Amino acid sequence: MNTFLIVLAFCVVLSTTTTTTAFSFFDDNILNGLILQNDTVTIDLASIDYGHIVKVNPEAVLSPTSLNDIQSLIKAVNDNNSSPTLGSAPKTVAARGQGHSVRGQSTAEKGIVVNMTSLGSLGRRIVVVPNSLLGPYADVGGEQIWINVLVETLKHGLSPISWTDYLGLSVGGTLSNAGISGQAFRVGPQIANVYELDVITGKGDLVTCSRIKEPELFYSVLGGLGQFGIITRARIPLTKAPNKVKWLRLFYTDFSVFSRDQERLISLNGKMREKGGVEYVEGFLLMKQGPLDLSFYSVPDQLRITTLVAQSDVVYVLELAKYYVETPPVDEDLEVLLKGLGFIAGFAFSKDVTYLEFLNRVAADEEKLRKLGLWEVPHPWLNLFIPKSRMSEFNSGVFVNILLQKKVPVGVFIVYPLNRNKWDDKMSGVIPNDEEVFYTVALLHSSTAEEVEAFDGVNNQILEFCRVARIPVKQYLPHYETQPDWINHFGSKWPSFQRSKLTFDPNKILAPGQKIFN
């Protein structure tokens, strides 16, 4: 048995009485003195993600206090895997930020989970550079969460350009997927808004990469599901931050009118102060079976909305936002805009909030759900990208004939269009081919443990509907169990994806929870 397995086995024996154990590797070319944890509490925390569906126990957890700790671990695992003990399984490594995956993607069965949040011991790794040849930017640790990035950049009157809806996610986590929200139609996903990365590859090398320097690694890692390296720093472009946001919700009962108006809005590009343009476009569903979250509206309006939903079965809510600084003629601009839209008369609702309040809007919901004990529950989500030309069919086949007819409880059901030309096809992220506009549909279910199977049955019925109807959907935050499914998912990108794996993680140790190569 080699040194790695001897020490690991010894650590497991002591796990009931020892919180942390020193893993001493006597070959100075490999590693010296890493501290891994394998007590019951630490293992349990690393075995589950936000989905609360998959539970996979790692053998140990590394809480790094330096980037060198991560490099040393990866090199040690590679050394172990190059000369494994007879009958032993190769070791794997999963980087875990906020653990916000929902199907075990951030876990490593019998491997080692890297607790990226411990890098916070190095201080808040957010450095704002207001002036440079590139323009303003922030150098941000991959372990940092987006709300901290926003708060720090706002101190300089600046802000990142592209966002996710929930800001409690890590920078490295969203950049490993795509990072989308209602601004993405205008500025692209978060992966399209990065100047430079520091990445620890599957070989243990710390590499700085960009579109010019080491571009193959740069493009592979962005949207690469953690397969090629661990993002330890990202250089994020910044722009002047607005002060205020005019936040609107418009109601529709006709999907064709709703989607027409959404598509019109994203065609305007939403440039700051452009007449008729907005900075953010999303949408979501209210359905008769409920539950209905009406906290945005006044009590009298809540009664009117409840009646409308009961009468209409499905109500489509177009959500948009216009940014502004203090008091420009934003109301006049929006008045012109609204005259051209087909929402139901009397069902336009708005409020003025700060920029910080708007971007961090999910935090209030999180606080309420945590108090009710409903945050850390199973989340059998399904996230899809769908070509624009098939959305009408998807609406009737899924929203109406599956979700409504089966009275599927409404979690948060989001639907909005995106512009393909804001995505960089060199990156690993996958979107539908050909059409210039595609939709994201997020069915964000919350359930009890007993209900997960039923929700998964609904998700599978939706996927089967798309297969039979030949709607070429792509999963966002994808989950597949077999490599053929992954090959189909990546399509024409698969050969380059596979080639990058061989180049940057040849022993296939990184991100085993994705089940792409392991």
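Reader: Quick one first. What are helices and strands here?

Author: They are DSSP runs, numbered from the N terminus: at least four residues of H or I for a helix, at least two of E for a strand. And note that this is a predicted model.

Reader: Good. Where is His52, then?

Author: His52 sits in the loop between α2 (40-47) and β3 (60-62).

Reader: Is His52 buried, exposed or partly exposed?

Author: Partly exposed. Its relative accessible area is 25%, and the partly exposed range runs between under 20% for buried and over 50% for exposed.

Reader: What about the phi of His52?

Author: Phi is near 50°. That is a positive value, and His52 is not a glycine.

Reader: Why mention that?

Author: Because most residues other than glycine have a negative phi.

Reader: What is the phi of Lys515?

Author: Near 60°, also positive in a residue other than glycine. Lys515 lies in the segment after α16 (494-504). Lys515 is partly exposed, at 35% relative accessible area.

Reader: Next, the peptide bonds. Which residues does a cis bond join?

Author: Gly290 and Pro291, with omega about -5°. Most peptide bonds are trans. Pro291 is in the loop between β13 (280-287) and α9 (299-312).

Reader: Now His379. Buried or exposed?

Author: Buried, because its relative accessible area is 2% and the cut-off is under 20%. His379 belongs to the loop between α12 (362-371) and β16 (382-387).

Reader: What does His379 touch?

Author: Leaving aside residues up to four places away in sequence, His379 touches Tyr50, Gly51, Ile53, Val102, His445 and Ser446.

Reader: And which backbone oxygen lies 2.9 Å from a polar atom of its side chain?

Author: The one of Tyr50.

Reader: Change of topic. How many residues of β7 are buried?

Author: Five of its five, over residues 137-141.

Reader: Which residues are on which side of β7?

Author: Tyr137, Asp139 and Gly141 are on one side, Ala138 and Val140 on the other. Both faces are covered. In a regular strand the side chains alternate between the two faces of the sheet.

Reader: How many bridges does β7 share with β6?

Author: Four, and β6 (residues 126-129) pairs with β7 in the antiparallel sense. There, Val128 has Ala138 as its bridge partner.

Reader: And how many bridges join β7 to β11?

Author: Five, again antiparallel, with β11 covering residues 229-240. On that side, Ala138 has Ile236 as its bridge partner.

Key. Residues numbered from 1 in each chain as written. Predicted model: local features only at pLDDT ≥ 70, side-chain atom pairs only at ≥ 80, totals over all residues. Heavy atoms only, no water. Buried < 20%, exposed > 50% of the residue type's maximum accessible area, 1.4 Å probe, protein only. Polar contact = N/O pair within 3.5 Å; in protein donor to acceptor, adjacent residues only side chain to side chain. Contact = heavy atoms within 4.5 Å. Pairing = 2+ DSSP bridges.
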